[in-house]
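I opened this notebook to record what I looked up, one item at a time.

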Amino acid sequence: MIVLALCALAFLMLFFGFEMLLTMGLPALLAKLAFHPNMPDVVIAQKIMGGVNVSTLLAIPFFVFAADLMAHGVIAERLTELVRRLMGHYPGGVGHTTVGSCMMFGAVCGSAPATVAALGRLLFPELTRAGYSEKFALGLIAASAECALLIPPSITLIIYGWLTGTSIAALFAGGLAVGIVLGLAYMVLVQYETWRCGARPVPRPSWSERLQSLRSGFWAIGMPALILGGIYSGGFTATEAAAVAVVYALIVELWIYRALDWKQVFKIAEESAVTTVVIFILLAMGSLLSYFITLSDMQSVLVSFISDHKMNWV
């Protein structure tokens, strides 16, 4: 009964457009007042703080900051240019460049929204000039960016590992294969759409142009190589990899490419802090709501319902 009331209230608030903070937090507070009036108020604060007071979650602000640094700097642009020079002249090359760039950037930042923000402005004009429709271009960028949810280091997998107690290294190992398969599936779709709409590839670059892109993108390629190599070799954990990503991005953008200055870095840090706060507030409210759902013994109710209705196939 408690769970049904909480779910009904949450869906009702979503329907009327309430913020997710209130959608998760208000039902939890009402559950405390209605069904657990003798519970000390301090428990609410403990569950909210306990939901985010986990060292593993330190990876989130670091990866968010690293992604914003690369998006505002030139690392994302250099990665895209390198992939375009290598793949863009083949049939469907511009679409394949989009998928490949999103996969490579996702292997650095671990965030799908950051991938869209960084690469969308670069890839959307290229796709429309090649002959793809605006709807397909937007859909391909948004869908390809979802590979960042699977390809390590994925913020989503970090949160899932924290919630379930699953080994993050094992999640990364599994997510890498699935992310690559998903990217290849998108490339098949791109090839079909290319044949259907007659999209044009970019002119074939010379070998000197390819080498120039490789030289200019050398430090950009080093980011995914360093992060993935360090994680899979056991050199550092996911949280440490996130910190290394920030340091590497700062060094490359400030002193090697000279694309940013310290004033811009502080502004980017402010934007990253706002994004991080939003994520952590939602995690905290979700932790509080899950606590009251656990108190309602929801798992036993579901098991009994399935057994009583002979739904063993579930």
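This is a predicted model: local features need pLDDT of at least 70, side-chain atom pairs count only at pLDDT 80 or more; totals for chains, interfaces and linings use all residues.

Entry one, the pair H5 and H6. I looked up helix H5, residues 75–87, against helix H6, residues 93–109, and found that they pack at an angle of about 140° with their axes 9 Å apart. Because angles over 145 degrees would be needed for roughly antiparallel, I noted H5 as oblique to H6. I also noted that the crossing of H5 and H6 is right-handed. On the H5 side the contact is made by Ala76, Leu79, Thr80, Val83, Arg84 and Met87, while H6 brings Gly93, His96, Thr97, Gly100, Ser101, Met104 and Phe105. Sorted by class, this contact of H5 with H6 has 6 nonpolar, 6 polar and 1 charged residues.

Entry two, the pair H8 and H10. Helix H8 (residues 134–145) packs with helix H10 (residues 168–197) at an angle of about 170°, their axes lying 11 Å apart, and I therefore wrote the two down as roughly antiparallel. Phe136, Leu140, Ala143 and Ser144 of H8 make the contact with Tyr186, Leu189, Val190 and Glu193 of H10, and these residues divide into 6 nonpolar, 1 polar and 1 charged.

Leaving aside neighbours within four places in sequence, I found Phe105 in contact with residues including Met70, Ala76, Leu79 and Leu119.

Notes: Residues are numbered from 1 along each chain as its sequence is written. Side-chain values use heavy atoms; hydrogens and water are left out. Axes are lines fitted to C-alpha atoms, for helices over the stretch in contact, and angles run from 0 to 180 degrees between N-to-C directions. Helices (H or I, at least four residues) and strands (E, at least two) are DSSP runs, numbered from the N terminus. Angles under 35 degrees count as roughly parallel, over 145 as roughly antiparallel, 65 to 115 as roughly perpendicular and the rest as oblique. A crossing is left-handed if the near helix is turned anticlockwise from the far one by less than a right angle, and right-handed if clockwise. Contact means heavy atoms within 4.5 Å. Ala, Val, Leu, Ile, Met, Phe, Trp, Tyr, Cys and Pro count as nonpolar, Asp, Glu, Lys and Arg as charged, and the others, Gly among them, as polar.
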